Amino acid sequence: MASTSAQAETTEQAPAAPVAEFSVTPMASQSTGRTADAFMTLGMMLGITAPATAIRSGDIYTGAELDNYMQVHNIEERNGHLSTSELTEVTGGWYGTGHLLAPAAESWEQMRAAAAAAGIDLQATDMYRSWESQNRAYEAHLRGDKAANVLPPGTSEHGNGLAVDITNGHIIGQGDPEWAWMNTHAAQFGWYPISNETWHWEFRGV
Ligand SMILES: [Zn+2]
């Protein structure tokens with residue numbers, strides 16, 4: 001059965017590998033001695049830390065570089081009023097298109113590629129939101145029509161083009177493979193879950 005489904009195996013084994021090494025190590029050390037045990041321990045450590053440094057394909061803005069970019073381009077003062085030309089169209093828009101500020105867009109694409117290599121398709125309903133669309137969402141929230149917490153227009157990172165709401169048909173949460181992948185890898189790309197909203201991730205730089 002295992003040899004007939006190479007693709008499924010690849011997807012399933014990738015996240016399980018470090019766990020498997022944990023359970024194999026004690027048994028291996030009993031029969032092969034100290035040297036092997038030390039080697040296995042090193043291998044185990046490499047198995048855990050290697051993905052953290054290997055999956056990022058290029059340079060991503062640091063927090064300081066992002067701060068500088070925000071100041072130079074006067075982004076926060078124009079939250080929700082950014083022009084189309086200063087936003088970058090990105091892939092992974094649940095409704096077709098989505099836009100992010102350039103530093104976040106670059107990182108989002110790298111993160112999507114890394115996730116795709118692990119069989120995860122990261123998509124987002126909301127990315128950049130104009131002042132008007134943030135206001136509509138906020139008013140819906142005040143009316144009780146929107147369960148999620150929505151910030152007033154002018155204050156959300158969606159208005160700076162630095163936030164995404166990740167979905168797989170419903171907003172992601174614990175138990176979703178997309179959430180599990182983000183929880184493990186997103187920080188390597190500078191993305192963080194800022195609030196208790198498991199689907200809302202913000203770019204802060206690496
Ligand atoms: Zn959001």
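In the predicted model, the largest nonpolar core comprises 32 residues. Those with the most contacts inside this core are Leu-100, Ala-104, Trp-108, Met-111, Val-164, Ile-166 and Trp-201. At least two core residues come from each of strand E2 (96–101), helix H3 (102–117), strand E4 (163–167), helix H5 (177–185) and strand E6 (200–203). The greatest contribution is that of H3, which supplies six residues. In soluble globular proteins, nonpolar side chains tend to be buried together. Val-164 illustrates the contacts: with residues up to four places away in sequence left out, Val-164 touches Trp-108, Ala-124, Met-127 and Trp-201.

The chain as a whole contains five helices and six strands. Read from the N terminus, the order of these elements is α-α-β-β-α-β-α-β-α-β-β. Of the 206 residues in the chain, 27% are buried. Among contacts with a separation of 6 or more, 63% are between residues 24 or more positions apart.

Confidence was examined along the chain. The mean pLDDT is 80, with 72% of residues at 70 or more. The stretch 1–53 has pLDDT below 50, and in the model this stretch makes 18 contacts beyond near neighbours in sequence.

Strand pairing was examined next. E1 and E2 run antiparallel and are joined by five bridges. E6 takes part in two pairings. With E4, the pairing is antiparallel and extends over three bridges, and Ala-163 stands opposite Glu-202 in E6. With strand E5 (residues 191–192), E6 also runs antiparallel, here joined by two bridges. In this second pairing, Trp-191 faces Phe-203 of E6 as its opposite residue.

Helix H4 (residues 131–143) contains Tyr-138. The helix has 13 residues and reaches 18 Å from its first C-alpha to its last, close to the 18 Å expected at 1.5 Å a residue. Gly-144 follows H4 and has a positive phi, near 90 degrees. Tyr-138 is classed as partly exposed because 18 other C-beta atoms lie within 10 Å, whereas a buried residue would need 20 or more. Leaving aside neighbours within four places in sequence, Tyr-138 is in contact with Val-150, Pro-152 and Pro-153. For one of these residues, Pro-152, the C-alpha atom is separated from that of Tyr-138 by 5.7 Å, the two residues being 14 residues apart along the chain.

Asn-74 is not a glycine, yet has a positive phi of about 55 degrees. This residue has 8 C-beta neighbours inside 10 Å and therefore counts as exposed, the limit for that class being 12 or fewer.

How values were computed: Residues numbered from 1 in each chain as written. Core = buried A, V, L, I, M, F, W, Y, C linked by C-beta atoms within 7 Å. Helix = DSSP H or I, 4+ residues; strand = E, 2+ residues; numbered from the N terminus. Contact = placed C-beta atoms within 7 Å. Pairing = 2+ DSSP bridges. pLDDT = per-residue confidence, 0-100. Expected span 1.5 Å × (residues − 1).
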